[in-house]
Amino acid sequence: MSDERVASRYAKSLLELSQEQGSLEKVYADMLSFTKTLNASRDLSIVLRNPIIKHDKKLAILNSVFGGSMSELTMAFFRIITQKNREAILESVATEFVKQYNTLKGIQKATVTTAVPLTPELRATFQQMVVERTGGMQVELQEVVNPAVVGGYVLRIGDQQIDNSVRTNVQKLKNKFKENPYITKL
């Protein structure tokens, strides 16, 4: 079975258990914190995926890093994962948990990339655009500033991308000129 499917099943089990115990929001915060810590510490990520390091050492590291800040359910989940020798997929489980949580709560993540920071009016416009495209789901909009966009925007909703940037439009225009030999002779 692929690691993605295994991670998805573990995430689903954790999601259902946290709902039953009434600690869904706390476990969600734990998974966000865990993902953020792994992204900030490449060493921790490498240690968890290293097959040479013993599982009890990995659990001790998880306990020392997260023991005081995470819920008992999350720490028990970490213990189960290490007992099953699945520490390498913990990052995937956390990511999948967040995805499943967002689906459960009807939250759609979207990323908008622009050349300059968004004004409040533009932010509201993009949020409305995402709401219309997703059928009224809540929107969690992440903003990225990239001067290479030059102007316009690139909006990414799930696996869908709307590229209305000046850079892309100029590239399309260049391609049209290449296709039509009569225009280039002028």
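**A chat about rings and helices**

Q: Are Phe66 and Phe78 buried or exposed?
A: Phe66 is buried, and Phe78 is buried as well, where buried means under 20% relative accessible area, exposed means over 50% and partly exposed is in between, using a 1.4 Å probe and protein chains only.

Q: What kind of model is this?
A: This is a predicted model, in which local features need pLDDT of at least 70 and side-chain atom pairs count only at pLDDT 80 or more, while totals for chains, interfaces and linings use all residues. Residues are numbered from 1 along each chain as its sequence is written, and side-chain values use heavy atoms, with hydrogens and water left out.

Q: Which residues touch the most other members of the largest nonpolar core?
A: That core has 30 residues, and the ones that touch the most other members are Met31, Phe34, Phe66, Phe77, Phe78 and Phe97. A nonpolar core is a set of buried Ala, Val, Leu, Ile, Met, Phe, Trp, Tyr and Cys residues joined through side-chain atoms within 4.5 Å.

Q: And which elements give two or more residues to this core?
A: They are α1 (3–20), α2 (24–40), α3 (42–49), α4 (55–66), α5 (72–83) and α6 (90–105). Helices (H or I, at least four residues) and strands (E, at least two) are DSSP runs, numbered from the N terminus.

Q: What does the second, separate core include?
A: That second core consists of ten residues, among them Phe126, Tyr153, Ile157 and Ile162.

Q: Back to the helices, at what angle do α2 and α5 pack?
A: The angle is about 55 degrees, and the axes lie 9 Å apart, where axes are lines fitted to C-alpha atoms, for helices over the stretch in contact, and angles run from 0 to 180 degrees between N-to-C directions. That makes α2 oblique to α5, because angles under 35 degrees count as roughly parallel, over 145 as roughly antiparallel, 65 to 115 as roughly perpendicular and the rest as oblique.

Q: Which residues make the contact?
A: From α2 come Val27, Asp30, Met31 and Phe34, and from α5 come Leu73, Thr74 and Phe78, with contact meaning heavy atoms within 4.5 Å.

Q: How many aromatic pairs does the structure hold?
A: There are six aromatic pairs. Rings of Phe, Tyr and Trp (its six-membered ring) pair if their centres lie within 6.5 Å, and planes under 30 degrees apart count as stacked, over 60 as edge-to-face and the rest as tilted.

Q: Why is the pair of Phe34 and Phe78 tilted?
A: The ring centres of Phe34 and Phe78 are 5.2 Å apart and the planes stand at 45 degrees, so the pair is tilted. This pair links distant parts of the chain, with Phe34 in helix α2 and Phe78 in helix α5, 44 residues apart.

Q: What about the rings of Phe66 and Phe78?
A: Their centres are 6.1 Å apart with planes at 55 degrees, so that pair is tilted too. Phe66 in helix α4 and Phe78 in helix α5 are twelve residues apart, and ring pairs link Phe34, Phe66 and Phe78 into a cluster.

Q: New topic: where is Asn85?
A: Asn85 sits in the loop between α5 and α6, and its phi is near 60 degrees, a positive value in a residue other than glycine. With 45% relative accessibility, Asn85 counts as partly exposed.

Q: And is Val150 buried or exposed?
A: Val150 is exposed, at a relative accessible area of 56%, and it is found in the loop between β2 (138–145) and β3 (152–157).
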